[in-house]
Amino acid sequence: MMETELPRTGVHDVDWSLVEDGSAVRQMLSNLAGGDAAARTTALRSLYRIAPDGADVRPWVAAALPVLLGLVEEPEQADRGRILRLVGDLAGADRMWQMSGETLRAKRILAEHDHLLALLTDEDPEVRDAAAYTVRAVCRLSSELVELLWERYIEEPDPGVRLTLVGSGVLAGAVGTGWEPTKRLLAWVADTDADLRVRTTALAELMALTNPPPFDVETARDTVLEAYREGLNREPARLDDLVAPLLAGQWLAARQWTPGYPQVVSAVRGAFRNDVAPQLDLLERMLELDGWDARQDALYEARSLVQRFRGPYGPLVDRAAELVRDQDSQVRAAALSLLCGIGELARPAADAVWANLSRGGFWINDGAHGPMLTPTVRLLADLRDVRLLPTLERMLDEAPDTGDLHPAIAGYGIAARGLSRTLRRLLRALDPAGAADRAGLLRALAAVAPHEAADHLADDPIDLDTLALLARAGRAAAGRAPDIRAALSCGDPGLELAAAYAIWHVTGNADAAAEVYDRYFDDRRAAPEHAVAALDGLRELRIRVKDRARRLVRLRRRQANPAVLAATADALWWVAGNQDAARAIGPVWEAAAPERPRIARLWLATGDVRYGARYARAELDNPLRHNLRGHSVRPAEVSADERLLTLCREVLAQAG
């Protein structure tokens, strides 16, 4: 701040004839200075209303600011706090980054006013609060503000003023001392301030910054819960329409830092690291609160928690099932979002989801690429809920172009056999140009009635999709055997291996399939995925290829790829009854998490549960999901991880 004291300016010291809207502004300022309460309020509202011009203020602001500041300095002047708040808004306190045009001119006038900082210690708390807000307009023009604001925070007795000082201190720190000192100060405020609103705001500001420092997580947890209970986390009320243009930035800034947004809860959860129990306890306590916002935030956070960590989620799922029928639409949506994101764990809530859907829920959404099944319908389809089948069949007739419809039907397998007649009728009536629709219908038919799909595959060109469908159709597709045999030596490894799989299922010719597998399962030049496919093919042929046991043993000794090692151990057991590899596959379990389900099933099949018990126990003690990538997994991967945990429990149960 400049040390030169400027002379106080009165309303009549300005030649308003030289200022645009000068006569109107002069009258408003006169009413503000000497009018009654109603006149002062009207004058304030009028000044707000005529101030904005897009993102900038009008030129008259530069002339009016000294007059307004002069009014604030008069102790007997009424509404000093409101007038000073107007000064801050006119000078862009809610737009601290704007340094251009008339707003910049206003900021410079304010920065040169010697008594602005003195108002931070005024006897009137309303004036102190307005001053703490107004200095945001000049924080980029004064390097001394940061330290001063935090000093004032320590000395300030009024919690409302401390709240404003915290917000201003953060903004000033961004252009002053930098973020790191500000982070430490915010963590200290969040841990120690006596006022709930101040602690909550400090916590919210802290979580909005990158890499916040350590804070007392128990205090933060209690602060968050109490904030939800008191409703402090809700969005601020919208501003009066008459003054909204100028104060829009202020409202948006307040909304942006509203503590109820999930990043606060997420950060508190993150502070517990891999300890699931306190994270789950926090969310369950939030779900018991009456506030819709607490429930909504908890449900969205719960989805992330379940997708990342293992835990006892039964009560959480039951609570989400109850909230599917909540009176608040946002809570209902959050509950359904949670259930749709956790795969098999949502099964106990299937009845509640079905009841909600039956009472008038949406079955189809308009997506960017056409109609799609809603997440609720997909959830029930993934859970193989047979109550959905009549509606899916009706959709085949009435909305056949619905995305995900055919995969949803295919997922039921033979449980949806009753839909095969409709699928065949649609295939016969299909326009030849509808290649995509035909592929989806064929996959669905091959899944629900495999043998009935063969007639529709008579003329399809041989590719990976066709070979998979022919393999599903089995002996009913024997007419395509010559085409499949031709693909056994086509030179494409993927196509040859798929053809070998198909020839075995279509004709039962083990020798033809084994001849292809021999080319890949122990070839050093073969890609690991091709070697695994060949080994899995040998596994299916079982004792028919027992003479490959020696080659499998040699492969096990020289192979380093964990996926190939796991597949080799699997094949050795099912082909030759050799369980030596299964008894020594623990290192593969530790090195390659994706192979754990296969290895657990192998231990259960061979009876090597005592060897596998320590690995299964360690897996059950690991809070992270084995297939975790980044911060979460997809619903199907949640189900896959839960199946691994079930296998591990079976290993331990058999091991005694």
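1. A salt bridge is a side-chain nitrogen of Lys or Arg within 4 Å of a carboxyl oxygen of Asp or Glu, and Glu156 forms one with Arg152, their closest N and O atoms lying 3.2 Å apart. Both Glu156 and Arg152 are buried, a term that stands for under 20% relative accessible area, while exposed stands for over 50% and partly exposed for what lies in between (1.4 Å probe, protein chains only).

2. A word on the basis of this note: the model is predicted, so that local features need pLDDT of at least 70 and side-chain atom pairs count only at pLDDT 80 or more, whereas totals for chains, interfaces and linings use all residues. Residues are numbered from 1 along each chain as its sequence is written, and side-chain values use heavy atoms, with hydrogens and water left out.

3. The predictor's confidence in each residue, called pLDDT, runs from 0 to 100; for this protein the average is 89, and 93% of the residues score at least 70. Over residues 1-7 the pLDDT stays under 50, and the model has 16 contacts (heavy atoms within 4.5 Å) beyond four places in sequence for them. The pLDDT also stays under 50 over residues 255-260, for which there are 20 such contacts. Where pLDDT is low, the predicted coordinates should not be read in detail.

4. Helices (H or I, at least four residues) and strands (E, at least two) are DSSP runs, numbered from the N terminus. Helix α4 (residues 80-90) is largely enclosed by the rest of the structure, because 9 of its 11 residues are buried, among them Arg80, Ile83, Leu86 and Asp89. Just after α4, Gly92 takes a positive phi of about 80°.

5. In helix α22 (residues 420-428), the residues Ser420, Thr422, Leu423, Leu426 and Leu427 are buried. They cover an arc of only 160° around the axis (taken from the directions from the helix axis to the C-beta atoms), which puts them on the same side of α22. On the other side of this helix, Arg421 and Arg428 are exposed.

6. A search of the whole structure finds 46 salt bridges. One of them joins the side chains of Asp79 and Arg82 (3.6 Å, N to O), and Arg82 counts as partly exposed because its relative accessibility is 30%.

7. Asp641 forms a salt bridge with Arg310, with 2.7 Å between the closest N and O atoms. Asp641 lies in helix α34 (residues 635-655) and Arg310 in the loop between α15 (292-308) and α16 (314-323), so the pair ties together parts that are 331 residues apart in sequence.
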